Amino acid sequence: MRFPKLTAGLAAMAATMTAAQSAFAGALGEAVPWQMGLQQAATPLMQDVRSFHNLLLIITSAVALFVLGLLVVVMVRFNAKSNPVPSKTTHNTMVEVVWTVAPVLILIVIAIPSFRLLYLERDIPPADMTIKAIGNQWYWSYEYPDSGGVSFDSFMKADKDLKPGDQRLLTVDNPMVAPVGKIVRVIVTSNDVIHSWTVPSFGVKIDAIPGRLNEVWFKAEKEGIFYGECSELCGKDHSFMPIEVHVVSDADFKAWAAKAKSAGVEKADKMLARMESARAKLASADQPVK
């Protein structure tokens with residue numbers, strides 16, 4: 001076996017996979033048709049998840065191609081026509097050592113980043129703010145204990161209520177709002193059955209269990225709208241229980257929280273929508289004409 005050629009082949013395969021995933025990664029915060037790979041990362045945690053996923057993809061593809069190559073060699077060189085008199089070889093010390101040591105080394109390569117990622121997921125740093133997410137059949141409720149006790153329910157918008165730019169089956173009437181660049185601890189529980197609070201672009205997924213408090217964290221580094229869904233089968237309307245998170249600037253978040261506390265969440269959401277729309281138009285106007 002020519003190891004330089006094998007190494008070059010694996011490097012080319014890794015570059016091809018990375019390029020394909022970059023080309024079809026989809027829009028920020030949501031999945032798109034023909035998307036390849038995971039959603040774009042909005043948090044450092046999700047960046048680590050994507051890196052680990054790409055490493056596993058390279059390893060599993062290399063193992064599959066290697067095994068396929070061995071099968072082809074065996075079928076071509078050791079069939080009955082090519083070898084009328086079969087070999088009586090029963091043992092090969094070097095082969096037995098390699099097929100024992102190689103899988104162990106592969107598992108070590110996988111285990112090190114895997115354990116690191118598990119530690120980062122569960123080692124929650126000191127939080128800048130806390131949000132409580134409560135699962136219900138079939139909607140989410142949110143509480144903001146650090147923002148004067150703001151609380152609200154979040155239901156999926158019906159098709160007739162959708163506006164231009166809304167995502168069918170993903171947009172909600174009252175989205176969760178969080179500030180960019182802040183460590184947010186999310187305490188998750190349920191009022192009825194087991195749900196699961198999941199936002200792919202954040203790299204978070206945690207079960208909401210009745211009578212139990214679970215927690216997860218994220219630090220969004222990009223402003224935008226991020227979608228998720230309940231990821232635990234929870235009844236007939238499980239597929240109509242989306243999660244929508246608006247990540248905004250710290251100033252916009254404080255304005256939203258103050259408005260929600262004084263005038264209600266509905267008016268605060270309308271104010272936030274106007275600010276986001278104005279900012280989107282301004283950003284669009286600043287784009288160079290192609």
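**View 1. Strand β4 (residues 176-179) pairs with β10 in the parallel sense, over four bridges.** Strands here are DSSP runs of E with at least two residues, numbered from the N terminus, as helices are (H or I, at least four residues), and two strands pair if DSSP finds at least two bridges between them. Within this pairing, A178 stands opposite V247 in β10. The model is predicted, with local features needing pLDDT of at least 70 and side-chain atom pairs counting only at pLDDT 80 or more, while totals for chains, interfaces and linings use all residues. Residues are numbered from 1 along each chain as its sequence is written, and side-chain values use heavy atoms, with hydrogens and water left out.

**View 2. Strand β10 (residues 242-248) is largely enclosed by the rest of the structure, because seven of its seven residues are buried.** Buried means under 20% relative accessible area, exposed means over 50%, and partly exposed lies in between (1.4 Å probe, protein chains only). In a regular strand the side chains alternate between the two faces of the sheet. On one side of β10 lie P242, E244, H246 and V248, on the other I243, V245 and V247, and all of these are buried. Strand β9 (residues 224-229) pairs with β10 in the antiparallel sense over six bridges, and F226 stands opposite V245 there.

**View 3. Strands β6 and β7 form a hairpin with four residues between them.** Five bridges join β6 to β7 (residues 204-208), and the two run antiparallel, with T198 opposite K205 in β7. In the turn, G203 has a positive phi of about 75°. Strand β6 (residues 195-199) is mostly covered, five of its five residues being buried: H195, W197 and V199 lie on one side, and S196 and T198 on the other.
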